[in-house]
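Here are some questions about how labels are assigned in a structure, each answered from a value and a definition.

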Amino acid sequence: MENQIRALRKSLGLSQEELAKRCGVSRQTINAIENNKYDPSLALAFHLARELETTVDALFIPVP
């Protein structure tokens with residue numbers, strides 16, 4: 001699964017650290033998700049989408 005987290009985060013002027021604090025996770029977790037090395041829980045996915053002003057469907061893209 002790919003995601004748009006990095007692009008949306010940068011467009012909002014947020015650092016990985018700022019996004020991590022807003023979502024209650026570590027900066028390393030945000031980095032791992034952005035680099036497709038970790039799939040977030042459903043709760044974290046919704047929190048990320050809310051902080052990035054989008055929907056979960058728009059944030060995560062299934063790869064066939």
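Q: Where does E53 lie?

A: E53 lies in the loop between α4 and α5 (56-59), where helices are DSSP runs of H or I with at least four residues and strands are runs of E with at least two, numbered from the N terminus. This is a predicted model, in which local features need pLDDT of at least 70, side-chain atom pairs count only at pLDDT 80 or more, and totals for chains, interfaces and linings use all residues. Residues are numbered from 1 along each chain as its sequence is written, and side-chain values use heavy atoms, with hydrogens and water left out.

Q: Why is E53 called exposed?

A: Buried means under 20% relative accessible area, exposed over 50%, and partly exposed in between (1.4 Å probe, protein chains only); E53 has 65% relative accessibility and therefore counts as exposed.

Q: Why does N36 count as partly exposed?

A: N36 has 41% relative accessibility, so it counts as partly exposed. N36 is found in the loop between α3 (27-34) and α4 (42-51).

Q: What makes the phi of N36 worth noting?

A: N36 is not a glycine, although its phi is positive, at about 55 degrees. Most residues other than glycine have a negative phi.

Q: How do you know that the buried residues of α4 are on the same side?

A: The buried residues of α4 are L44, A45, L48 and A49. They cover an arc of only 140 degrees around the axis, taken from the directions from the helix axis to the C-beta atoms, and therefore sit on the same side of α4.
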